[in-house]
Amino acid sequence: MERMIITHSPALQGEVSISGAKNSALPILAASLLGTEDIILSDVPPLEDVRIILQVIQSLGAQVSYEDETTVRINSKDLNHYNTPGELMGKMRASFLVMGPLLARIGKSITKLPGGCTIGSRPVDYHLKGFKALGCAITQDDSTIAAAAPVTGLSGNVVYLDFPSVGATQNIMMAATLAKGTSIIENAAREPEIVDLANFLNKIGADIKGAGTSNIKIRGVERLKGGNHSIIPDRIEAATFMIGSAITGGNVLIKNIIPSHLIPVTAKLQEVGCTIEEGEETLLVKGPRRLNPTSIKTMPYPGFPTDAQSQFMAMMTISKGESRVVETVFENRFMHVAELVRMGAVIDIIGKEAIIRGVSALQGAEVRATDLRAGAALVLAGLVAQGKTVLSELYHLDRGYYRLEEKIQALGGDIQRINF
Ligand code: UD1
């Protein structure tokens, strides 16, 4: 079994280049099912989750080929299946994002309920509410959801989301691109990945306005074509390296990013004592000698991202005082707490809140990557813990970080992947 051995390391120093965003690549790859001509996507991160969604769209009839390691050519002219492969769907929640494009293109979709990280029940009711509003009939049992558009196709409508769900906003937006008339998503998610998806769809012929605000207007068009698009940089990978610099008292230049996407993380790192210099596509993050405590509350964008919560908490475990973390987006996103406690962290959980009392040092321990971002948090904790940390269940990490250990090694971190 593969494990990572992370040894107490010097302060991280140097430059790191951030890859394309997983959470942008996945919906855009699903959206490629909507186009009828060649689509070329660049800066697609070569991650396990990306491989899964590529297999899913291939199984539905898309032709997929790699131009190079991060550039993918897709042609969905012959999209001809609506029954998604159950085994692949169970592996990753984002595979559910093919449902919107399938309903738009061929009016039918039969899919397993999605899997993914075990960070809460993660229902899909908002997605389904949107498809129903566009005219779909939906039938569901314990494991399968079947949706069918009327023979005349989907019709535009107004959909109010009870919560600004990223996935539901994307799925409904994709379905509405080919509907008759205009659709409006109210209380839409505003994440940069929504804007990237809308920009891509507009490039291939869609008519979407308002992405990045709470009110997205989609005027249905006859057909979508092909085109080229580059995936935006991964703000969560960037946040992980920013926190890596902060926790080790380092000096790291984070390159190939959009600094405005990182405002909540930058603001909170400044509160704990970091100095941050912003360039056009860079952030230089210098960590303090000892971190101040602070509090964070995860929120939909532009609030503090839930996907950086566990990494931030790992950092707070060695701050000089008491910090609080409130998780409002997912119901079960404190699984890293038990692992951090094994390393000597002092953390109490009361409902949605974690209270972290900073200790002077963590101790290396055997820990598990309980989900993707928990794994990243434990890697960062391992860099500052005394002795060695042995991290298992690396498949979670490989779902979302491209060459994580190589990038950390290049900054001076002592981290090795071994097989035993
Ligand atoms: C996406 C991201 C994930 C991130 C999350 C929140 C991708 C591939 N994944 O996940 O990394 O952590 O946004 O920023 O982009 N909910 C419902 N019903 C629904 C849909 C969602 O109750 O139909 C709930 C979820 O259980 C969760 C909350 O809404 O508690 C937010 O989920 P959502 O924004 O949909 O996250 P994802 O799109 O799954």
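Reader: How far is an oxygen atom of the ligand from an N or O atom in the side chain of N23?

Author: This is a predicted model, where local features need pLDDT of at least 70, side-chain atom pairs count only at pLDDT 80 or more, and totals for chains, interfaces and linings use all residues. Residues are numbered from 1 along each chain as its sequence is written, and side-chain values use heavy atoms, with hydrogens and water left out. A polar contact is a pair of N or O atoms within 3.5 Å; within protein, one must be able to donate a hydrogen and the other to accept it, and residues adjacent in sequence count only if both atoms are side-chain atoms. From the ligand oxygen to the N23 side-chain atom, the distance is 3.0 Å.

Reader: Which residues come nearest to the ligand?

Author: A residue is near a molecule or strand if one of its heavy atoms lies within 4 Å of it. There are 18 residues around the ligand. The nearest of them are D125, Y126, S165, D307 and V329.

Reader: How much of the ligand's exposed area does the protein bury?

Author: D125 has a polar side-chain atom 2.6 Å from a ligand nitrogen. The side chain of D307 has an N or O atom 2.6 Å from a ligand oxygen. Taken alone, the ligand exposes 750 Å² (Shrake-Rupley method, 1.4 Å probe; for residues, only the protein chains shown count as cover). The share buried by the protein is 86%.

Reader: Which element gives the largest share of the shell around the ligand?

Author: Helices (H or I, at least four residues) and strands (E, at least two) are DSSP runs, numbered from the N terminus. By class, the shell has eight nonpolar, five polar and five charged residues (Ala, Val, Leu, Ile, Met, Phe, Trp, Tyr, Cys and Pro count as nonpolar, Asp, Glu, Lys and Arg as charged, the others, Gly among them, as polar). The largest share is three residues, and it comes from α5.

Reader: Which residues have the most contacts inside the largest nonpolar core?

Author: In soluble globular proteins, nonpolar side chains tend to be buried together. A nonpolar core is a set of buried Ala, Val, Leu, Ile, Met, Phe, Trp, Tyr and Cys residues joined through side-chain atoms within 4.5 Å, where buried means under 20% relative accessible area, exposed over 50%, and partly exposed in between (1.4 Å probe, protein chains only). The largest core has 74 residues. Those with the most contacts inside it are V98, M173 and L201.

Reader: Which residues does H336 touch beyond four places in sequence?

Author: H336 lies in helix α11 (335-342), and counts as buried because its relative accessibility is 1%. Its side chain makes a polar contact of 3.0 Å with the side chain of Q309. Contact means heavy atoms within 4.5 Å. Leaving out residues up to four places away in sequence, H336 touches Q309, S310, M313, T370 and A374.

Reader: Which residue caps the N-terminal end of α12?

Author: Helix α12 spans residues 372-384, and 13 of its 13 residues are buried. L372 lies in this helix and counts as buried because its relative accessibility is 4%. A side-chain oxygen lies 3.0 Å from the backbone nitrogen of R373, and the capping residue that carries it is D371.

Reader: What is omega near for the peptide bond from Y301 to P302?

Author: Most residues other than glycine have a negative phi, and most peptide bonds are trans. P302 sits in the loop between β17 and α10. The bond from Y301 to P302 is cis, with omega near 10 degrees.

Reader: Is D43 buried or partly exposed, and at what relative accessible area?

Author: D43 lies in the loop between β3 (39-42) and α2 (48-59). Its phi is positive, near 60 degrees, in a residue other than glycine. D43 counts as partly exposed because its relative accessible area is 37%.

Reader: Which elements do the buried residues of α9 pack against?

Author: Helix α9 covers residues 263-271, and its buried residues are P264, V265, T266, K268 and L269. After α9 comes G273, whose phi is positive, near 115 degrees. The buried residues of α9 pack against α8, β15, β16, β17 and α10.
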